[in-house]
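Here is a short briefing for a reader new to this structure. Look at the model first, then go through the points by topic.

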Amino acid sequence: MDTTGPDTDSSGTLVCKACAHADAHGWWGTDLPAESHCQDCHRYWRSHREAHCASCCRHFASNAAFDAHRVGDDCNDPAALARQDGRPRFARRETRLGSVWSLVNYRELPDFDALG
Ligand SMILES: [Zn+2]
Ligand SMILES: [Zn+2]
Ligand SMILES: [Zn+2]
């Protein structure tokens, strides 16, 4: 159950508290699970080091990871990107606020299979 996404009112209309607040006040307000928010997918995120793609709404742990999924003006599916040795370039982590893609550092994670 996703408790951080937008709610719907009794008529089924999408109600996002953060976006409603931004419309009214020009900023997200303080009553958020995290300090940043996307008006397209209504995802929240916490750290300014993280990067949210305004084109595909995928979310990345770092600017380097964000850059790696972009080719020119296009977005690549991180799950489909592989390194030259054939191993996946990205790992996806599920957090309370949603999925986060990060670049796999195989030097730090020599036993990647152990992650399951
Ligand atoms: Zn929103
Ligand atoms: Zn993208
Ligand atoms: Zn988004």
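Strand β9 (residues 90-95) and strand β10 run antiparallel, joined by 6 bridges. Strands here are DSSP E runs of at least two residues, helices are H or I runs of at least four, and both are numbered from the N terminus. Two strands pair if DSSP finds at least two bridges between them. This is a predicted model, in which local features need pLDDT of at least 70, side-chain atom pairs count only at pLDDT 80 or more, and totals for chains, interfaces and linings use all residues. Residues are numbered from 1 along each chain as its sequence is written, while chains are lettered from A and ligands numbered from 1 in the order in which they are written.

**The hairpin**
- β9 and β10 form a hairpin, with 2 residues between them.
- F90 has L103 in β10 as its bridge partner.
- In a regular strand, side chains alternate between the two faces of the sheet.

**The nonpolar core**
- The largest nonpolar core has 9 residues: A51, F60, A61, A65, F66, F90, V100, W101 and L103.
- Such a core is a set of buried Ala, Val, Leu, Ile, Met, Phe, Trp, Tyr and Cys residues joined through C-beta atoms within 7 Å.
- Two or more residues of this core come from each of α2 (63-69) and β10 (98-103).
- β10 gives the largest share, 3 residues.
- Leaving out residues up to four places away in sequence, F60 touches E50, A51, A65, F66, V100, W101 and S102.
- Contact means that the C-beta atoms of two residues, placed from the backbone, lie within 7 Å.

- P88 sits in the loop between β8 (74-75) and β9.
- P88 counts as partly exposed because it has 16 C-beta neighbours inside 10 Å.
- The cut-offs are 20 or more other C-beta atoms within 10 Å for buried, 12 or fewer for exposed, and in between for partly exposed, with C-beta atoms placed from the backbone.
- P88 touches A82 and V104, not counting residues up to four places away in sequence.

**The whole chain**
- The protein chain has 2 helices and 10 strands.
- Their order from the N terminus is β-β-α-β-β-β-β-α-β-β-β-β.
- Of the 116 residues in the protein chain, 17% are buried.

**Confidence**
- The protein chain averages a pLDDT of 85, and 84% of the residues score at least 70.
- pLDDT is the predictor's confidence in each residue, from 0 to 100.
- Confidence is lowest in strand β1 (residues 7-8), at a mean of 70, and highest in strand β6 (residues 59-60), at 97.
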